[in-house]
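This report is meant for a reader meeting the structure for the first time. Please keep the sequence and the model in view while reading the sections below.

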Amino acid sequence: MTKRRINKVAVLGSGIMGSRIACHFANIGVQVLLLDIVPKELNDKEKAKGLTIDSKTVRNRIVNDSLQSAIKSNPSPIYDKSAVKLIETGNFDDDLPGIADCDWVMEVIIERLDIKQQLFEKVEKHRKPGTIISSNTSGIPIQLMNKDRSDDFKKHFCGTHFFNPPRYLMLLEIIPGPDTGEQVLDFLMDYGKRFLGKTTVLCKDTPAFIANRVGVFSIMWMFHYVKENGLTVDEIDKLTGPVIGRPKSATFRTTDVVGLDTLVHVANGLKDNVPDDEMKHLFEIPDYIQHMVDNDMLGSKTKKGFFKKIKDEKGKSEILTLDLEKMDYVPRSKPKFQSLEMAKAEDNLPKRIKTLFNAQDKAGKFYRDHFLSIMAYVSNRVPEISDEVYRLDDALKAGFGYEMGPFETWDAIGFQEGLKALKEDGVKYAAWIDEMAKSGAASFYRIHEGKQQFWNHLSASYEDIPGQEGTVSLSVAKSKGIVWQNAGTTITDLGDGVLNIEFHTKMNTIGGEVLAGLNKAIDLAEAEYEALVVYNEGGNFSAGANVGLIFMMAAEQEMDELNFAVKQFQQTMMRVRYSSIPVIAAPHQLTLGGGCELCLHADKVVAHAELYMGLVEFGVGVIPGGGGTKEFALRLADELRDGDIRNNQFRHRLMTIAQAKVATSAKEAFKLGYLREGVDEVVMNRTLQLTIAKNAAMAMVEKGYTQPKERSDIKVLGNEGLGLVYVGAETMAAGNYMSEHDRLISEKLGWVMSGGDLSYPQEVSESYLLDMERKAFLELCSTQKTLERLQSMVKTGKVLRN
Amino acid sequence: MNAYIIAGKRSAVGKAPKGKLRFTRPDDLAAHVIQAMLEGVPNLDKEKIDDVIVGNATPEAEQGLNIGRMISLMSLNTDKVPGMTVNRYCSSGLETIAIASAKIHAGLADCIIAGGVETMSPIPFGGWRIVPNAKVAKAHHDYYWGMGLTAEAVAKEYKVSREDQDEFGYQSHMKAIRAIKAGAFKDEIAPLEVEEIFVQDNKRESRKYTFDTDEGPRPDTNIDALSRLRPVFDAKGTVTAGNASQTSDGAAFVMVVSEKMLKELGVEPIARLRAYSVAGVPPRIMGIGPVEAIPMALKQAGLKQSDIDLVELNEAFASQSVAVIRETGLNPDIVNINGGAIAIGHPLGCTGAKLTVQMMHALKSRNEKYGVVTMCVGTGQGAAGVIEMM
């Protein structure tokens with residue numbers, strides 16, 4: 001049998017999910033045929049234009065409108081505008097034969113079994129044998145959908161359940177039907193992971209599958225609990241947010257975003273279809289929730305839900321909270337819990353969860369009740385919805401953005417402690433937990449002989465989590481012992497001569513310890529290893545240099561110290577490039593300022609697709625001072641060919657810094673010149689990023705790596721560039737598009753990037769530019785307005801435009 | 001020796017960069033207009049033409065390599081007639097007519113083709129590679145100001161409100177639409193057959209059309225729509241795309257001859273350029289240039305403002321047009337009777353010649369004698385010419 005490849009997919013249905021799924025396939029370069037229904041009648045605009053129902057623009061109006069609104073939506077479903085060209089639109093009546101060219105046909109239409117069945121009947125007529133067909137249903141049993149279809153159809157049919165928004169939410173549930181071929185499932189599990197970057201979770205064909213079953217249970221539990229225990233919406237959102245490793249939108253804000261009607265729909269479906277669920281009474285909709293549904297309080301889509309945004313007389317927006325007693329909106333409160341305040345100091349999430357679980361105040365009681373109910377619930381869902389605990393954890397983490405799944409949470413509390421609490425509180429958990437306890441197991445997960453293992457209740461033993469072969473995990477590597485550590489960094493041996501350095505400062509900002517760590521890692525790698533990877537498993541790669549530190553020195557006008565600190569930053573960045581070993585940066589999410597500068601100096605960047613990279617120093621009133629300005633001048637010089645009109649590239653480089661442009665994806669980071677075509681790489685799946693970065697390091701070593709020589713041939717434009725800078729800044733300032741201080745910073749930036757007021761374009765060295773860059777940085781730090789910007793960032797985290 | 005204009009033609013004005021002339025090269029366009037003009041002078045032996053003087057505000061890329069000489073070769077079918085290119089930004093097309101007239105006055109020549117061409121579609125405003133003098137840019141912030149900022153400065157300094165500007169822009173469109181409907185431009189425009197060759201569905205295809213009508217004027221515009229446009233040069237300003245001139249593609253030429261040549265050809269003169277003046281003003285309020293230039297030209301001609309029958313005041317911006325009208329006390333009823341650059345467009349280096357051609361036709365149709373063609377010019381200048389019908 002030939003290898004299955006996906007070159008083109010058909011997405012049937014262009015609603016919120018369909019259009020965005022189409023965009024995500026286009027993101028990875030797959031061609032998409034996106035189809036939807038033909039409108040029943042002409043709209044006024046079409047009538048005015050004299051179109052008929054046979055006109056192509058009318059027939060494709062629904063699909064085209066959906067796609068356009070998806071592309072314009074925020075956050076964007078596409079990495080880069082060019083992706084849209086891969087999406088071809090059409091309608092079910094005219095274009096269904098086109099699915100014959102597709103390798104995967106995905107149905108994303110209305111959740112009605114009869115309509116889905118009718119569509120599949122038509123699909124069967126056109127699809128070529130062997131093509132995968134899947135449904136993105138979130139609730140209809142897979143086994144009902146392929147009724148009356150051919151054997152080949154059934155063999156290639158399953159559920160592929162994306163979560164909204166599909167680009168950003170990591171979960172892809174794969175649900176086999178009764179006849180789905182093993183090869184099809186294996187293929188989709190792998191494809192979803194490597195190509196689409198998803199956490200693929202193999203589910204059983206049970207109501208709402210895994211993530212929604214448990215996630216909706218958790219929310220419904222909350223809906224009942226909050227009312228019965230006299231808690232408030234603000235309190236619950238405070239308690240169930242980042243403090244326990246869940247998204248900022250916590251419980252009720254998430255509900256508002258998802259839409260209360262959607263949630264109630266799933267809950268109702270569960271209530272009717274899970275007769276044996278011991279907690280099914282919780283899927284009953286509480287009266288106040290029903291009242292909200294009946295009164296259009298559905299969340300963002302109806303502009304009111306648990307929260308409501310209003311504007312006061314001055315046009316300032318304010319968010320009000322629903323008071324569940326009065327069922328009316330009241331000003332938001334800022335709930336305080338003693339245990340929460342204390343737990344804040346604990347950076348380690350598992351430790352924090354344990355502390356909160358054991359706390360004695362109102363919050364502690366909530367956490368105990370909440371965690372115990374979830375722990376019991378998931379234990380009872382094994383083996384009903386999954387045989388393995390890790391699938392449940394994976395699904396909840398990837399589908400709801402939790403940092404830790406329910407079994408991992410239990411491990412954090414302590415397996416035995418959790419069990420004891422369940423017994424004390426009389427919460428009914430599954431029998432296999434007792435079996436597990438009897439066997440002496442102390443956790444659901446462990447790292448054993450370099451492998452991550454889970455407790456398999458079927459074999460009553462620990463087993464390797466599959467898929468680890470050939471992959472590198474930082475936690476596994478660390479379990480073997482760390483090489484070196486300071487307050488800001490940890491250096492780990494990844495094996496095969498490759499070291500990793502991770503930052504673990506707040507937001508992974510770069511200060512003295514991180515720079516010391518980087519130097520140490522390079523020293524170590526040069527002396528005893530072959531290569532270095534810079535990678536971490538925090539929420540962000542790095543938010544940049546430690547602005548607080550810069551502000552302190554600048555505010556005191558300790559210019560010598562500041563000069564020393566900036567110089568140290570520059571020298572460390574230069575070592576990243578000019579060392580005898582290859583340094584690979586593997587950034588993800590926010591990679592700003594100094595974090596970006598680090599990547600600019602790496603021999604190679606292996607970026608995660610979700611990369612938000614930029615030189616944002618203008619926001620705090622300075623220019624990139626860690627070699628970023630120098631590096632942009634260097635890259636500009638390398639981009640220019642003899643005889644080029646130099647203005648455009650010069651302006652592009654300059655404006656990228658001057659407008660503090662942040663790439664919204666790794667793909668866009670190439671366009672903005674932060675990443676280099678042909679050198680830097682993009683990885684779709686975060687869990688594979690370290691492995692691929694390590695492999696890239698090994699390949700560079702294998703090929704033979706020689707330390708490059710510092711550059712002294714950077715052609716700068718001198719006065720030619722400077723003239724453009726002055727005129728450009730004047731045009732912006734005179735036109736009220738930027739402040740006088742912005743003009744000053746722009747002119748300093750332009751001065752450095754031009755190499756100063758040189759009479760003619762000429763070649764200069766990196767160290768010449770670094771000195772200029774540092775001087776400009778320090779001069780700006782001596783201005784009142786830059787101090788105000790730094791202060792604003794330190795105190796409020798907000799960019800001040802002054 | 002007097003110098004007389006005996007013929008004049010212009011192309012219809014295309015919108016840049018998306019109009020019907022967007023793929024027509026400036027040399028092709030200019031050569032076509034000259035050939036159409038020469039059809040009106042059938043007795044002329046082309047080798048007796050002394051020079052082709054072409055105004056152009058961005059003489060580079062398609063307009064570079066001394067486009068004047070190239071246009072001479074392309075339009076006259078002889079290599080005996082030289083050609084040159086002249087740049088005084090927006091008055092270039094009038095400047096060339098003045099140079100031609102002066103040469104003939106001085107006895108240096110008997111027959112000159114003068115005018116201008118500008119295709120703004122292919123070439124960015126200001127040119128491809130702008131290299132300001134850093135020292136000057138630092139010392140004199142406003143020397144390199146874009147024209148939009150100068151329009152804002154004029155609006156502020158001369159207190160021209162957003163409402164006044166939008167109203168002026170609206171009237172420009174209405175007058176131009178009226179003129180086109182009445183066929184006022186018909187005789188002066190040289191229709192052009194445009195052929196575009198392109199690839200569609202992997203096949204080489206072509207399309208042809210005749211371009212003979214100015215495409216800028218919008219019959220559907222209204223004050224409400226204009227008042228909703230955002231300022232484009234100053235976030236807090238009043239100058240919008242709706243009350244500024246349009247970027248355009250166009251060409252216009254006249255033929256200037258001596259008395260000797262008149263006799264030789266046996267033709268009647270249409271008009272003459274009676275006077276021409278250029279003045280300097282602060283670059284920051286460039287738009288006010290005509291306020292200085294108009295009196296200078298009138299004085300040169302020995303005429304009073306009241307002697308003037310019609311004025312073509314180039315509408316670079318509504319703000320400066322309104323300010324000029326107010327400051328000079330011009331009678332608004334005789335200014336731009338057929339609309340101006342806000343509606344029809346402003347193909348920079350062509351504009352002076354285009355307005356001269358328009359002026360001759362307007363005066364002729366109204367049987368009037370004196371007209372003033374005037375414009376503001378980049379980096380703080382103003383130009384004005386007095387046209388006298390024969």
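## Contacts along chain B

Two residues are taken to be in contact if their C-beta atoms, placed from the backbone, lie within 7 Å. With that cut-off, and bearing in mind that this is a predicted model, the contacts in chain B between residues at least 6 apart in sequence can be sorted by separation, and 81% of them join residues at least 24 apart.

## Overall form of chain B

Chain B holds 11 helices and 12 strands. Its radius of gyration is 20 Å, which is close to the 21 Å that the globule rule gives for 390 residues, so chain B is as compact as a globular protein of that length.

Along its principal axes, the C-alpha trace of chain B spans about 65 × 60 × 50 Å, and 59% of the 390 residues of this chain count as buried.

## Where chain B meets chain A

On the side of chain B, 18 residues are in contact with 16 residues of chain A.

## An open sheet in chain A

In chain A, 3 strands form an open sheet in the order E12-E13-E14, with antiparallel pairing. Strand E12 (445–448) and strand E14 (461–464) of chain A stand at the edges with a single partner strand each, so one side of each is left without a neighbour in the sheet. From one strand to the next, the twist averages 40°.

Strand E13 of chain A, residues 451–456, is joined to E14(A) by 4 bridges, and the two run antiparallel. Within this part of the sheet, Phe454(A) stands opposite Glu463(A), a residue of E14(A).

## The largest nonpolar core

The largest nonpolar core has 364 residues, and those that touch the most other members are Leu532(A), Ile584(A) and Val256(B). Helix H17 of chain A (residues 362–380) gives the most to this core, contributing 10 residues.

Conventions:
Residues are numbered from 1 along each chain as its sequence is written. Chains are lettered from A and ligands numbered from 1 in the order in which they are written. This is a predicted model: local features need pLDDT of at least 70, side-chain atom pairs count only at pLDDT 80 or more; totals for chains, interfaces and linings use all residues. The radius of gyration is taken over C-alpha atoms; the globule rule is 2.2 Å times the number of residues to the power 0.38. A residue is buried if 20 or more other C-beta atoms lie within 10 Å of its own, exposed if 12 or fewer, and partly exposed in between; C-beta atoms are placed from the backbone. Two strands pair if DSSP finds at least two bridges between them. Axes are lines fitted to C-alpha atoms, for helices over the stretch in contact, and angles run from 0 to 180 degrees between N-to-C directions. A nonpolar core is a set of buried Ala, Val, Leu, Ile, Met, Phe, Trp, Tyr and Cys residues joined through C-beta atoms within 7 Å.
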